[in-house]
Amino acid sequence: MNTPDTLNQLQRRQLIWRASRPAATATPCSSGHATLDKALGGGLPSQGLFLIDSQAGVGELRWLQHYLCARLQQGPAQRQLAWVNPPWGPSGEALAGLGLPLAQQFTVSERSWEESLWAAEQCLHSGACALVLLWEGTQKGTQKGTQKGTQASPRRPQKLNTAIAKRLKLAAAAGAATAIVFRPPQAQANSLGAHLAMAINPEPQGLSLHIYKRPGGRPIGQLSLNLEQ
């Protein structure tokens, strides 16, 4: 084994931490919103676990447009954006309109919660994905059989917990990637050890952000983003 080459490969994948520089998970990437970047000390984390608590359809993706585009352009060419169990089928025309290259995206859908988590971990750990978007929700249980008297297991809530969050963080670190998990508003500001966690709500001109976990800083009670500009 060629030790120098091995060390260089580990450094390129950001798997070696040096005391002379901040951890890779703290490296910021501009959100495209100057007010938010200033509040976060430069921008959103370019690696790690990022939680967003929000109602569906309030602009929870549109405000991330600049960040998603920038992340797909960073690092090795053609890194991917994985959509894991989105609540709707992503529109190719809409995504292209946001500047997100369709050739760098794919969707994993109609899977159980356990399968969704496994797929998200594999995408993060592979190094081929810069971003993995995962939706927490409620899905059907596994079908137990088709004979008379057998039924599918009841629908049950599918929630992130501390153990799952740790797995996603480790996978993101291994692949130098970012996992963004969308949760319903009832998440009750539980960061589960994520690098960044926030709740967002609609406003007449955009969104209101409550950042309850951020790298190296206190929570931010309310921050407004104008999406009409």
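First, a term: a disulfide here is a pair of cysteine sulfur atoms within 2.5 Å. By that cut-off, the structure holds zero disulfides. Take Cys123: its closest cysteine sulfur is in Cys129, 4.3 Å away, which is too far for a bond. Cys123 is also buried, at 11% relative accessible area, and Cys69 is buried as well, at 13%. "Buried" means under 20% relative accessible area, "exposed" over 50%, and "partly exposed" in between, with a 1.4 Å probe and protein chains only.

Some housekeeping before I go on. This is a predicted model, so local features need pLDDT of at least 70 and side-chain atom pairs count only at pLDDT 80 or more, while totals for chains, interfaces and linings use all residues. Residues are numbered from 1 along each chain as its sequence is written, and side-chain values use heavy atoms, with hydrogens and water left out.

Now, helix 3, residues 65–73. Helices are DSSP runs of H or I with at least four residues, strands are runs of E with at least two, and both are numbered from the N terminus. Which residues of helix 3 are buried? Tyr67, Leu68, Cys69, Ala70, Arg71 and Leu72. Their cover includes strand 1 (28–29), strand 2 (44–45), strand 4 (80–84), strand 6 (129–135) and strand 9 (178–183), where contact means heavy atoms within 4.5 Å. After the helix comes Gly75, with a positive phi near 70 degrees.

On to the cores. A nonpolar core is a set of buried Ala, Val, Leu, Ile, Met, Phe, Trp, Tyr and Cys residues joined through side-chain atoms within 4.5 Å. The largest has 35 residues, and Trp63, Leu64 and Ile180 touch the most other members. Helix 3 gives this core its largest share, five residues. Leaving out residues up to four places away in sequence, Leu64 touches Leu44, Phe50, Ile52, Ile180 and Phe182. There's a second, separate core of 28 residues, with Cys129, Ile164, Ala177 and Leu192 among them.

Last stop: helix 5 (residues 113–126) and helix 6 (residues 162–175). Their axes come within 7 Å and cross at roughly 25 degrees. Axes are lines fitted to C-alpha atoms, for helices over the stretch in contact, and angles run from 0 to 180 degrees between N-to-C directions. So helix 5 and helix 6 are roughly parallel, a label for angles under 35 degrees; over 145 is roughly antiparallel, 65 to 115 roughly perpendicular, and the rest oblique. Among the residues that meet are Trp113 and Leu117 from helix 5, and Ile164 and Leu168 from helix 6.
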